[in-house]
Amino acid sequence: MSKYTYIICGKLYNGIDAEFKEGYKILVKDNKIEAVGREIPQPETAEVVDLSDATVTPGMIDAHMHMDYIDWHTIREEVYTTSEEAKTIAIIRTAQKTLSRGFTTVRHPGGITSNGFGVLDVKRAIEKGYITGSRIVAAPRFLCAAGSHGDLSQGFARNPELSNIAQNLRLSLGAGKDFFVNAVREEIKYGADFIKIMATGGFFTPYDNPSQQQMNDEELKAIMDTAHEWGKTVTAHVYSVDHMQKLIKFGIDGMEHCSLMDEETAQMIIDNDVYVVPTFCPYEEAVHYDPVMIQTKQEEYRIKLEYYKDALQEGREVIKNCKCKLGYGTDMVATHQNYESGYEFKAWMESGMGTFRTLHAATKVNSEILQLEDKIGTLEPGKYADIAAWKRDLMTDPYALLDCAFVMKEGVIYPTEKCEELTD
Ligand SMILES: [Zn+2]
């Protein structure tokens, strides 16, 4: 017998229209949405959920979360001091915590600490119902080169013998066209949903910088051609406009960060139908310059934030005003715990992105980036009943997405938790 849930919404954002609708109800039948509207019949057997004091939205989606660590303060130690099994436990814990925060789907663009495929085991265990947690879309291992942003052994680069041993633990790290062609095929063989590459340097790693191209043209092109031959998309970690433009020419599907954006590149992104997940959170202290907070960062990260702060501010303005397809992703490795996905809402609000553009990014746009737009991302009949609700005012309160009041995934209601750092 079918199970019905009848949800009474105070306000409703459906993932499509840039407005809050009032007086709406949602009828859930088993794991799917059956009807959404003002006048929908209430089956006698339905469980009634009264959210008349809340704003109901689709379950949120975070498109950039490295799930495989326990605490951002110890992330670098966790790379080398915990086992792959412990890293898989961290992924399970993250998936549970994101679900309880109203983020029913998470995209994992490569393990920071892990070098294996535990994220796929967790994904499958959640899909089978063995454990509970957010739905996962994953690129288990990012592809990268020696000394690159993806090579965490650069932390011991002043001890080459040790660094070399550590470097060799990362099996998706290598050089040459043939290595990367094989690496793409292996990722797909083991179950990757998409391919993630570290195309350029980064902020968080000690001995590289965001302006370096860290894979050569032949390697980049080989990765994209191979992934596309096998029917998978590729997204890249990238900052500067010359690298973004090169990746677009090679056929990239999406790009992460893109923080040093200019108008010409934004137009090229639009013309080539590339998506961008701009991940505002890690750069907040530089964009809204806060020298006190920057002082709390690891030294090499702090120095780079200071050096690039004007360019980051200009890039943020371009991103704010562009018409690119923007996804919502946090990339917390040095600011908050990875599962506190609601902070990106605060960052978007404080950059003047507007409530509906932000919610649209975290729902419908992200469902398209994850290639799940026929299943999730909007509140429409036939979609999975992934539903969240929020009691704070989404128009005015930057902390609104850090305080989840209700969450349902595929028709099942789960307990909620608010952000551990919220005091009121
Ligand atoms: Zn990342």
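Predicted model: local features only at pLDDT ≥ 70, side-chain atom pairs only at ≥ 80, totals over all residues.
Colour by secondary structure and you will see how distant parts of the chain are linked here: His64 sits in the loop between strand E6 (60-62) and helix H1 (75-81), while Asp331, 267 residues apart from it, sits in the loop between strand E13 (325-326) and helix H12 (343-350).

Now zoom out and colour by domain. Domain 1 takes in 4-59 + 377-414, and domain 2 covers 60-341. Their C-alpha centres lie 31 Å apart, and each domain brings 16 residues to the contact. Together the two domains bury about 1100 Å² between them, with 66% of that area on carbon and sulfur atoms. To find where domain 1 gives up the most area to domain 2, select Gly59, Leu401 and Lys409, which together account for 42% of what that side buries.

Stay at this interface and switch to polar atoms. Across it there are 2 salt bridges and 4 residue pairs in polar contact. On the domain 1 side, the elements giving two or more residues are strands E5 (47-58), E14 (387-390) and E15 (404-409); E15 gives the most, with 4 residues.

Next stop: salt bridges. The whole structure holds 31 of them, so here are a few to pick out.

- Select Arg135 and Asp386: their side chains meet at 2.6 Å, N to O, in a salt bridge.
- Select Glu256 and Arg107, a salt bridge at 3.2 Å, N to O. Glu256 belongs to strand E11 (residues 254-257) and Arg107 to strand E7 (residues 103-109), 149 residues apart. Both Glu256 and Arg107 are buried.
- Select Lys364 and Glu368, paired at 2.8 Å, N to O. Both lie in helix H13 (residues 355-369), 4 residues apart, about one turn of the helix. Lys364 counts as partly exposed at 26% relative accessibility, and Glu368 is partly exposed too, at 24%.
- Select Asp403 and Arg392, which meet at 2.7 Å, N to O. Each lies in the loop between E14 and E15, so the pair ties together parts that are 11 residues apart in sequence. Asp403 counts as buried at 18% relative accessibility, as does Arg392 at 13%.

Finish by selecting Lys97, Arg101, Glu340, Glu417 and Glu420, which are linked in a network of salt bridges.

Conventions
Residues numbered from 1 in each chain as written. Heavy atoms only, no water. Domains from an automatic or database assignment. Contact = heavy atoms within 4.5 Å. Buried area = accessible area lost by both parts, 1.4 Å probe. Salt bridge = Lys/Arg side-chain N within 4 Å of Asp/Glu carboxyl O. Polar contact = N/O pair within 3.5 Å; in protein donor to acceptor, adjacent residues only side chain to side chain. Buried < 20%, exposed > 50% of the residue type's maximum accessible area, 1.4 Å probe, protein only.
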